[in-house]
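Hello,

Here is the structure I promised to pass on to you. Have a look at it first, and then read on for what was found in it.

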Amino acid sequence: MDEGGIGMDLALYLGCTVPTYGYDYELSIRKVLPKYDINLVDLPTAGCCGLPFADIDSTAWLVMSARNIALAEEENLDILSLCNGCYLSLEETKHFLTEDQDLKDKINQILAEEDLEFKGTSTNYLVLTVLHDIIQSVTKPLTGLKIATHYGCHSIRPSKLPGRPDDAETPMKMERILEALGADTMDYPERLACCGTKEYAYDPEITLKLGYSKLKAIKEYGFDAMATICPLCQYVYDYSQGSMEATFKTKIQVPVLYLVQFMGLTMEMDPEEDLGLEFMIHTSPIEPILEKLQI
Amino acid sequence: MTPTVLETKNADPKALAKIRTMVGDHEPGYCYQCIKCTSGCPISRQLDGFNPHVFVAMTRMGFIDELINDKTIWACVTCLTCKERCPQDVSPVEVIRALTQLAFKEGIDPPVAGLKVQFENILKSGYSRDFTWVEGEREDIDDLPELPKPSLAKIKAMLRKTNLAKWMKEE
């Protein structure tokens, strides 16, 4: 980040999955980032990033995506995306429209319905980049916790797009953050495996199989928990853990938390009031972690 | 897709030309069948007949009609591993996306649950997901502000200018 993340205003872009299945994530972000002097600004008319339509119509996808960028640019703000899917959707839109004047004109003609204009002047940050660049001292380290990282595909691929948050085949920012928080991390063969969330639409059993194979591996390797940064991945590993247990007739019980929630724990924030770990949308166990950290 | 005999006389160069206009620089003709895409594909391991290198091979030979009528093309999970690893920058995920877009354009209903529901949710709220089931808990959390509310009339007007217009009722 240009200014080290301090004293910045950022437009908080939620998308659709954060407010429905990840408002514990939203709450944690709203609690943690202001402590680092980041002022989060809500865009009163933001909406879907359009990604669901990418498979059927590029124009619909790009219009829905570009209108959110245009809303932030109207306020002269850079954007903070909490979801990998939204993040890449906005990044690709910006790239395609900036590279192709005809396409940009076409999309802007449609956006004129709402008196909006995509300019391409704003920067879109993924939460991973921001957390990595702001992290400072830790009052209550995650000593003794061995945490498996899960980046999610759209945070790292494709590497050819400019300004990617991390390396496509060997990302390390999550590891560096967790180590700074006092946790142990370790590479493992399934580290970059896809969560399979989109497959829910085609065949949910495939999603459950992909999700379970990763959680099973994490258990076998002796990790205490998993850290994620994307609500679509979290939906598979946390929210769907019960369905996996029912489908594969087994106990999984792996705590899965957003990276920022681990960060909040090191800042002595309240697991329920500040980090939403007991909301109905968080279903994997948290007690083993809280016990280990004596919270 | 179950193995079938494809006869070259049935290939359709015009349909291939359509795909070419949709994939940008990702020219399917550059594929030399190294199979790195399928080797790294998480769906290929789970679903018979989902083989990105086969989709690309069929595309470059012009068997587009066979592909767009094959339900399997909709199973891509868009992990982008094939895009990352393709040494020829063919990017099978982009070829597959062009195929599903063409299928939609040609009037084939997407055989994936929920896509139309997501569209209808957007017309209702501006968001692709249904909020009703979490509203109760979310509203009780003091530190969460009210959600952004996009203008539905504007969104409808914009989507009417896209191919999704065919899913919208005449008004």
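**What was found**

Please keep in mind that this is a predicted model. In chain B, 70% of the contacts between residues at least 6 apart in sequence join residues at least 24 apart.

Let me stay with chain B for a moment. As for its dimensions, the C-alpha trace of chain B spans about 60 × 35 × 30 Å along its principal axes. The radius of gyration of chain B is 20 Å, whereas a compact globule of 171 residues would have one near 16 Å. Of the 171 residues in chain B, 41% are buried.

Which residues of helix 7 (residues 115-125) of chain B are buried? They are B:Leu115, B:Phe119, B:Ile122 and B:Ser125. Because these residues cover an arc of only 150° around the axis, they sit on the same side of helix 7 of chain B. Part of what covers the buried residues of helix 7 of chain B is helix 9 (152-159) of chain B.

Now to chain A, which is divided into two parts: domain 1 (8-127) and domain 2 (136-293). The centres of these two domains of chain A, taken over C-alpha atoms, are 24 Å apart. Where they meet, 24 residues of domain 1 of chain A are in contact with 26 residues of domain 2 of chain A.

Which elements give two or more residues to the side of domain 1 of chain A that touches domain 2 of chain A? They are helix 1 (17-21), helix 2 (23-32) and helix 4 (84-99) of chain A. Helix 2 of chain A supplies the largest share of that side, with 8 residues. By residue type, the side of domain 1 of chain A that touches domain 2 of chain A has 13 nonpolar, 6 polar and 5 charged residues.

I hope this helps you find your way around.

Best wishes

Definitions and conventions: Residues numbered from 1 in each chain as written. Chains lettered and ligands numbered in written order. Predicted model: local features only at pLDDT ≥ 70, side-chain atom pairs only at ≥ 80, totals over all residues. Rg over C-alpha atoms; globule rule 2.2 N^0.38 Å. Buried ≥ 20, exposed ≤ 12 C-beta atoms within 10 Å, placed from the backbone. Contact = placed C-beta atoms within 7 Å. Domains from an automatic or database assignment. Helix = DSSP H or I, 4+ residues; strand = E, 2+ residues; numbered from the N terminus. Nonpolar A, V, L, I, M, F, W, Y, C, P; charged D, E, K, R; others polar. Arc of directions from axis to C-beta.
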